[in-house]
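Subject: Structure for you to look at

Hello,

Here is the structure I said I would pass on. Please open it beside this email and follow along; my notes come after it.

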Amino acid sequence: MAMLLRRLKQRLREGGRKGGFQCIATSATLAEGPSNAPAVAKFATSLFGEEFTGAGVIMGEEEPLPVPGEATLSLADYRSLMEGFQRSSPGKAISALAARLGLTTTDAENETCLGLILQRDCRAAKLRNLLTAGPRDIKALAGQLFDDEITEKERVAGLCLLVSLMNQAKESGTGAPLLPVRYHLFLRSLEGAFVSCWPQKQVFLDRASTGGEHPAFEVALCRECGQHYFVGQRDSGASRLVEAIRDPGEDKFGATFFRPLEEDKEPTASMEDTKDRDVWLLCIQCGALGKDSLPCGHGHTIRVVKEKPPADDDRADQLSGCGACGYNASGRDPVREVVHGTDGPHAVIATCPFGKGV
Ligand SMILES: [Zn+2]
Ligand SMILES: [Zn+2]
């Protein structure tokens, strides 16, 4: 950030800016009180490369929470309010509750009426008070707000419902949400996709979660037709389908792609010469590989086509063309493992409405 600011300043100077710069920053977390002002000024000075003093640091003042009303709404009340908002017709639920609480809500918009109702609710007030004290564990918080008559799962669901309503509700006067919440999503890039076929078909997006009890094969997909492949070690004359070696420094660097044959559909693909196929047997219970028979005797066997590797050794971890559709991506890796080291999928999640988190 400091580097970007310096580059911006440099550009502005080169563009003809002669005067000084007025730098303004806001933070919700940096200072706890006026005594921290000199430290904050020092931080801002380093960040912007401009002089800041303690006098330039303006502290926020917390507004006291309004005194709550004495009513306590039930979980059923929250549900009926939420259902009303979801159907874009909360009027009925609002007027019923307003009448019960003795509120006059004429002419105010639905979100403001909801704010008035929830400001009378002891539980909503308790939630705001508890949250001003700092982060809370969601289960413990739900336990403090809802009594033991409902299960823990229902208490947590009730808390989420209340939070969601309070986020929609507006305070009359300011129009600010009763509880401005943000959801933070923590994302990790995919290391690959793995499938196990026995005892049932399962997909794993994390190597560790495969459990290791039964073999899980890494999957690669054709970028054109979506055909899936199991990825095994390079030149697997081996008797077992094991994970490919990805380190280009290793001798066995590279991969072999095995295309499972769907017995009822094969041979249908027009692109392949059936005589040319190198068909192997794969035991989905233990991962044993063999040409004509398997020594393991498990009896859970599928047929797979061992696809030909590209002639070029630099592409030892790739396939020259998709065995199902013939796509070759002009020599640029037609079949790829499900790995996202770049931030593409994360960007999609982060920019979707849920990711924005209101
Ligand atoms: Zn294909
Ligand atoms: Zn076996």
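Leaving out residues up to four places away in sequence, Phe-194 touches Phe-204, Arg-207, Thr-210, Ala-216, Phe-217, Glu-218 and Val-219. Two residues are in contact when their C-beta atoms, placed from the backbone, lie within 7 Å. Phe-194 sits in strand β1; helices (H or I, at least four residues) and strands (E, at least two) are DSSP runs, numbered from the N terminus. Phe-194 counts as buried because it has 22 C-beta neighbours inside 10 Å. The cut-offs are these: a residue is buried if 20 or more other C-beta atoms lie within 10 Å of its own, exposed if 12 or fewer, and partly exposed in between, with C-beta atoms placed from the backbone. Glu-111 is 83 residues from Phe-194 along the chain, and their C-alpha atoms are separated by 46 Å.

Please keep in mind that this is a predicted model, in which local features need pLDDT of at least 70 and side-chain atom pairs count only at pLDDT 80 or more, while totals for chains, interfaces and linings use all residues. Residues are numbered from 1 along each chain as its sequence is written, and chains are lettered from A and ligands numbered from 1 in the order in which they are written.

Now the whole protein. Its secondary structure comes to 10 helices and 9 strands. The radius of gyration is 31 Å, well over the 21 Å that the globule rule gives for 358 residues, so the protein is more spread out than a compact globule. That radius is taken over C-alpha atoms, and the rule is 2.2 Å times the number of residues to the power 0.38. The C-alpha trace spans about 80 × 65 × 35 Å along its principal axes. Of the 358 residues, 22% count as buried.

The protein is divided into domain 1 (75-168) and domain 2 (193-337), with bounds that come from an automatic or database domain assignment. Their centres, taken over C-alpha atoms, are separated by 53 Å.

Next, the cores. A nonpolar core is a set of buried Ala, Val, Leu, Ile, Met, Phe, Trp, Tyr and Cys residues joined through C-beta atoms within 7 Å. The largest one has 27 residues, and those with the most contacts inside it include Tyr-229, Phe-257 and Val-335. Two or more residues each come from β1 (193-196), β3 (217-222), β4 (228-233), β5 (255-260), β6 (279-283) and β8 (301-306). Apart from neighbours within four places in sequence, Tyr-229 is in contact with Val-219, Ala-220, Phe-257, Phe-258, Arg-259 and Val-335. A second, separate core of 21 residues includes Ile-94, Leu-118, Met-166 and Leu-178.

Which residues of helix α6 (residues 122-132) are buried? They are Arg-123, Ala-124 and Leu-127. These cover an arc of only 100° around the axis, which puts them on the same side of α6; the arc is that of the directions from the helix axis to the C-beta atoms. On the other side of α6, Asn-129 and Thr-132 are exposed. The buried residues of α6 pack against α5 (110-119), α7 (138-145) and α8 (152-168). Gly-134, which follows α6, has a positive phi, near 130°.

Helix α8 has 17 residues and reaches 25 Å from its first C-alpha to its last, close to the 24 Å expected at 1.5 Å a residue; the expected span is 1.5 Å times one less than the number of residues. Among its buried residues are Leu-159, Leu-162 and Met-166. What covers the buried residues of α8 includes α3 (75-86), α5, α6 and α7.

Last, some backbone details. Most residues other than glycine have a negative phi, and most peptide bonds are trans. A cis peptide bond joins Trp-198 and Pro-199, with omega about 0°, and Pro-199 lies in the loop between β1 and β2 (202-204). Ala-329 is not a glycine, yet has a positive phi of about 50°; Ser-330, also not a glycine, has a positive phi of about 50°. Ala-329 is found in the loop between β8 and β9 (335-337), and Ser-330 lies in the loop between β8 and β9. Ala-329 is partly exposed, with 17 other C-beta atoms within 10 Å, whereas Ser-330 counts as exposed, with 6 C-beta neighbours inside 10 Å.

Regards
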